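Thanks for asking me to look this over with you.

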Amino acid sequence: MDDNADQQHLTAAPGYAQGQLAKAFTTALTHQDADTRRRAEGRVKRWRAVLAGMSGGLLTIGSRTPVTGFPAWVTPEVVHGGFATGTPGAGGPLQPYETRLAEQFGVPADRRALFAHCLTDTGLTWLWGQLNSGRYEVTVPEEGALLTMAWLVRHGETAAALDLVAELAPFAGRLRFLPRPSSGRPAPDAGDALHRRSVAATVATLARRRPNAAVETQREALAVWQPFGDELLAHWLETAGTEGGPVLELAPDADWLARGAALLDRYGLLAEQHTRCGKHRRPKENLAILRGALEETVAGRPLDPRRLGLLRHAVTSMVRRRGLPGSARHTGLRRAQRTQAALPSHHALAQVLVGRLAALPQESGIADLTPVLAPVSEREERDTGLPVGAELPPALRRVVERALSAPVSTLVERGVVPSAEVLAALVPQLVAVSTARSYDDEALRTLMAASYRAFRNRRSLLLLNLERQVRIEELPWVRAVSARRGDTTAEAALLLRQLGELAVRGFPGTILPNPLVRELGVLARQSELGAPLVEELAADIFMDAFGPKFLVAAGIAGELLGGSVYERYYGIDYAAVRELAIAEAGGSGRPEKGGSVAARTSPGFMRLCAERAASASSAPAGSSGVSRGFGVAANGKVIEQSQILTTHNLATLVHRVGIAPEPGWAEPARRAFGTVCRLTARVHHNARPYSTIKDAAYAWRQSVFHLSLCTPAEQRGVLADLGAEAARQPAHVAARLAPALAGLRLVVEGGAFEPDGTADGGRARRLLGWTTDGHWLAADPTAIEGKGS
């Protein structure tokens, strides 16, 4: 496929980086918050480094070795979009811990000197002590390199240690290879328990909480100014004549005037002490009218007709609205308001939580939330003045619940992990433990777990030309101890199956995010199940090429879904896909120029996706026209077809990994459709609906997949449930989804779409996400005609 060859060696243009620099510069100059400005200044510095490196030839954005002079295993500093700045993550000025170690070792404060010292008997002894105690931290993978070298020496593998030193030595003066000593004890092995936030991070979040200005203003109004207003009202009512008579019908006597003067004095004190609420100062407010009239009267000045009229109107309206002070209606209202004002503030309750959490280990999670989330105790009442039994509000409970330490399935069930993206952030902890368990030696196990966790903090690079991200086994120090790994294929396969089921069961309407795909890919390689997992490709940098694993994944999907509702709904010929896979099997691929990694492509799979994308609308056929002639949206159409053919990992997880979520596939189909409904609701009156439509179509595809694995009887029941769920939605949602449901019902009953993806005169439609010529789901439901997606 010659067109693909032309696209194999593209480089990134500086336009994106220039735009990001401009945004950061504007924020640094104009934002009101000082911390935000300071962070933006850091981004300005990093984006300037990106542009300077690109213009000076020191950076090759899009390559897995973007920084000239550094091999791929060196951790790069990466900014938004995957752009390397040119600064290695383990580089920069000496860290404070390095300076302290230089003083302790009696060597110059220089990385090369520290490196050389660790090769001496004294240095090795120090490193062995770190290995024995486990009291160290690895924040970037390089910080575990010399510990690995020391482990090799201690176990008699001198040749491997020397090879590792030789590979590290050229960078000894620029990168830090020493671990960070830690004063705390190593965290106990919590098994399968995970936590989103540590106790220390939770305490920091709670400590930053400040009183809510609006709430405190309301509290002041209820506790201070409304009771004072009642006193003023009662005072003026003493001047009324017969019941219901006008105020000032009776002339104020000396006692009334004296008590009025006392009220005014107290007002001055209250106004000085309570400054949040300013309503009492507004001239048109009732309290201000009563106070102003009292000031005039106490001063001996008669009220003019206008002021007297305002006074009488204020008194009448206050009595009419709340009743006479002391009446049952007035007393009940004020009692309820006093109760509301007495409720403890979130800020005060947050301080109680800070005190409770201070007694717990700070670097771990919380195994038991019950005592932490209990109501205010008697001792806390004595210490803080908060009422005993006061409950913690949901907002504070959610902050603490993020520190819950429990199996990941429990975190998903309790909503602590609310999305597949959050799940992806936690899974590296499990994979690190699983990976480390393959090492028999305890010290090496601890070191490799720390190295894996640090490696997973490495941000992904923007890669072009089908290059792949660096894998942990490419790190020289990990490679040096690879022979010490035992057989963990069964354990990796079990964890892969558990995580796959959890992701599908917990988030059935969401495609697997790339970070999660990468972690599952590690387990897939370790388990040796032959389970190719494919990432979601970026439409803005797509280059008309797919790696060969996409075709393999499509073949696996065909093995599972041949003859299914899924195959017929999306108009797939999985038999042809299998023939294509056979035809391309055994190809040597196309070697990448200028690099040691062979970049292989599947031109047949690319051609198939492009043809399917072209036939989905009026866009011209052919790979070049589809993927370049219409820009990002056309690229998205091609990528979507690859996801349809491969099921974006679902078929691989089911057919090769063996996931089978309880209680079966009908429930995920229903829940995925619930996601479709929620997303479709956001399309209404949305000026930019297409990203939402794309996500709705992805969720719809998940639902169709799950439905296809149901029995025919289950399929009919699920279809009825989907129709009932659509009927419960707002009218515009039901109207928009009616063609999609009609199309699915048609296929389940044995029918088929026309080549343009419609049937029954346009009343039934195939739902796809990407489009280059407008989308029927975006149109007003009352005006939908027969236009294709």
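**Notes on the structure**

1. Leaving out residues up to four places away in sequence, Ile472 touches Ser451, Tyr452, Phe455 and Val478, where contact means heavy atoms within 4.5 Å. Ile472 sits in the loop between helix 20 (442-456) and helix 21 (476-480); helices (H or I, at least four residues) and strands (E, at least two) are DSSP runs, numbered from the N terminus. With a relative accessible area of 12%, Ile472 is buried, a word that stands for under 20% relative accessible area, with exposed over 50% and partly exposed in between (1.4 Å probe, protein chains only). Tyr452 lies 20 residues from Ile472 along the chain, and their C-alpha atoms are separated by 7.2 Å.

2. A word on what you are viewing. This is a predicted model, in which local features need pLDDT of at least 70 and side-chain atom pairs count only at pLDDT 80 or more, while totals for chains, interfaces and linings use all residues. Residues are numbered from 1 along each chain as its sequence is written, and side-chain values use heavy atoms, with hydrogens and water left out.

3. Now the overall picture. The protein chain holds 34 helices and 8 strands, and its C-alpha atoms fill a box of roughly 110 × 85 × 50 Å, taken along the principal axes. Of its 789 residues, 48% count as buried. Among contacts with a separation of 6 or more, 71% come from residues 24 or more positions apart.

4. What about the surface? The accessible surface of the protein chain comes to about 36200 Å², and 53% of this belongs to carbon and sulfur atoms; the areas come from the Shrake-Rupley method with a 1.4 Å probe, and for residues only the protein chains shown count as cover.

5. Which residues touch the most other members of the largest nonpolar core? They are Trp700 and Leu744, in a core of 188 residues. Such a core is a set of buried Ala, Val, Leu, Ile, Met, Phe, Trp, Tyr and Cys residues joined through side-chain atoms within 4.5 Å. Helix 19 (residues 420-436) gives the most to this core, with 9 residues. Residues up to four places away in sequence aside, Leu744 touches Val565, Tyr569, Trp700, Val704, Leu707, Leu719 and Leu722. A second, separate core has 26 residues, including Ala221, Val224, Leu287 and Ile289.

6. Helix 7 (residues 145-154) is worth a look, as it is mostly covered, with 8 of its 10 residues buried. Among the buried ones are Leu146, Met149 and Trp151. The buried residues of helix 7 pack against several elements, including helix 5 (111-117), helix 6 (121-133), strand 3 (136-137) and helix 8 (158-168). Just after helix 7, Gly156 takes a positive phi of about 80°.

7. Finally, another loop residue. Where is Thr75? Thr75 lies in the loop between helix 3 (34-55) and strand 1 (76-79). Is Thr75 buried or exposed? Thr75 is buried, with a relative accessible area of 6%. Leaving aside neighbours within four places in sequence, Thr75 is in contact with Pro88, Gly89, Ala90, Pro141, Glu142 and Arg458.
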